[in-house]
Amino acid sequence: LGDFATPEQEIPPTGVPGVDWESCMKMNRHWGFNAADRDWKPAGELVRYLVDCASKGGNYLLNVGPRPDGSIPEPTLAALRAIGAWMRVNGTAIRGASAGPFPYRLDWGFATARADKLYLLVEKWPADGRLSVPLLDRPASARLLAAPERALECEPVVEGAFG
């Protein structure tokens, strides 16, 4: 199918199960450089797309759109720096990870997996600071990638609570 199996400017709601896929997106409104286009996506939005793709087993292909001389516009560089900073802390949950085990988006964010580890990519912490994760077994441990020295509390939830 070539390029036709690659979603452009969208991330399928469930990814493309059983197929290697990627979603390619623009950083503003144009695929190539356009001096008049100043509608840059915020870095946080680009990170969210990256996480969304990874949580569904996909790859995120980000179009950079260099100028005709090959230079990269400053808003693009700023966004790439911010994505890089985020990846330095959280990249383990993205690079080489597979889709999370949940067939749906969680209320608070996304999940990816690697071997015997589950990565929870929290977009919005619940007001009470407690994540409800629909797991069958109690995890051996939980830690933040940003603070791996600090163990988090894990407690089982009453069966059927995820109804």
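Which element gives the largest share of the lining of the second largest pocket? The first point answers this, and the remaining points take up the fold and some individual residues.

1. The model is a predicted one. In the second largest pocket, strand β4 supplies the largest share of the lining, with three residues. The lining comprises 15 residues in total, and those lying nearest the centre are Ser55, Lys56, Phe102, Pro103 and Tyr104. The volume of this second largest pocket is about 230 Å³.

2. As to the chain overall, its secondary structure consists of two helices and seven strands, arranged along the sequence in the pattern β-α-β-α-β-β-β-β-β. The C-alpha trace spans about 60 × 40 × 25 Å along its principal axes. Of the 163 residues, 33% count as buried. When contacts between residues at least 6 apart in sequence are considered, 45% of them join residues at least 24 apart.

3. The strand β4 of point 1 also belongs to an open sheet of three strands, with the order β3-β4-β5 and antiparallel pairing. Strands β3 (98-99) and β5 (117-122) form the edges, each pairing on one side only. In general, strands of a sheet pair through backbone hydrogen bonds, in either a parallel or an antiparallel manner. Here β3 and β4 (residues 109-114) run antiparallel and are joined by two bridges. Ala99 has Thr112 of β4 as its bridge partner.

4. Helix α1 (residues 43-55) lies across β3, β4 and β5, and runs at about 50° to β4. The helix has 13 residues and reaches 18 Å from its first C-alpha to its last, close to the 18 Å expected at 1.5 Å a residue. Gly57 follows α1 and has a positive phi, near 80°.

5. Why may α1 be described as largely enclosed by the rest of the structure? The description holds because 10 of the 13 residues of the helix are buried, the cut-off for burial being a relative accessible area under 20%. The buried set is Ala43, Leu46, Val47, Tyr49, Leu50, Val51, Asp52, Cys53, Ala54 and Ser55. The elements against which the buried residues of α1 pack are β1, β2 (59-63), α2 (74-90), β3, β4 and β5. Ser55, one of these buried residues, is also among the residues nearest the centre of the second largest pocket.

6. Pro12 lies in the segment before β1 (22-26). Its relative accessible area is 13%, so Pro12 is buried. Leaving aside neighbours within four places in sequence, Pro12 is in contact with Pro7, Trp21 and Lys56; Lys56 is also listed among the residues nearest the pocket centre in point 1. The C-alpha atoms of Pro12 and Gly58 are separated by 9.7 Å, although these residues are 46 apart along the chain.

7. The other proline, Pro139, is placed in the loop between β5 and β6 (143-144). Is Pro139 buried or partly exposed? Pro139 counts as partly exposed, because its relative accessibility is 33%, and the buried class requires a value under 20%. Pro139 is 14 residues from Glu153 in sequence, and their C-alpha atoms are 9.9 Å apart in space.

Notes
Residues numbered from 1 in each chain as written. Predicted model: local features only at pLDDT ≥ 70, side-chain atom pairs only at ≥ 80, totals over all residues. Heavy atoms only, no water. Pairing = 2+ DSSP bridges. Helix = DSSP H or I, 4+ residues; strand = E, 2+ residues; numbered from the N terminus. Contact = heavy atoms within 4.5 Å. Axes fitted to C-alpha atoms, helices over the stretch in contact; angles between N-to-C directions. Buried < 20%, exposed > 50% of the residue type's maximum accessible area, 1.4 Å probe, protein only. Expected span 1.5 Å × (residues − 1). 1 Å grid on protein atoms, 1.4 Å probe; cavity = no way out; pocket = protein on both sides within 12 Å on 5 of 7 lines; lining within 4 Å. Points joined across faces, edges and corners; volume = space filled by probe spheres on them.
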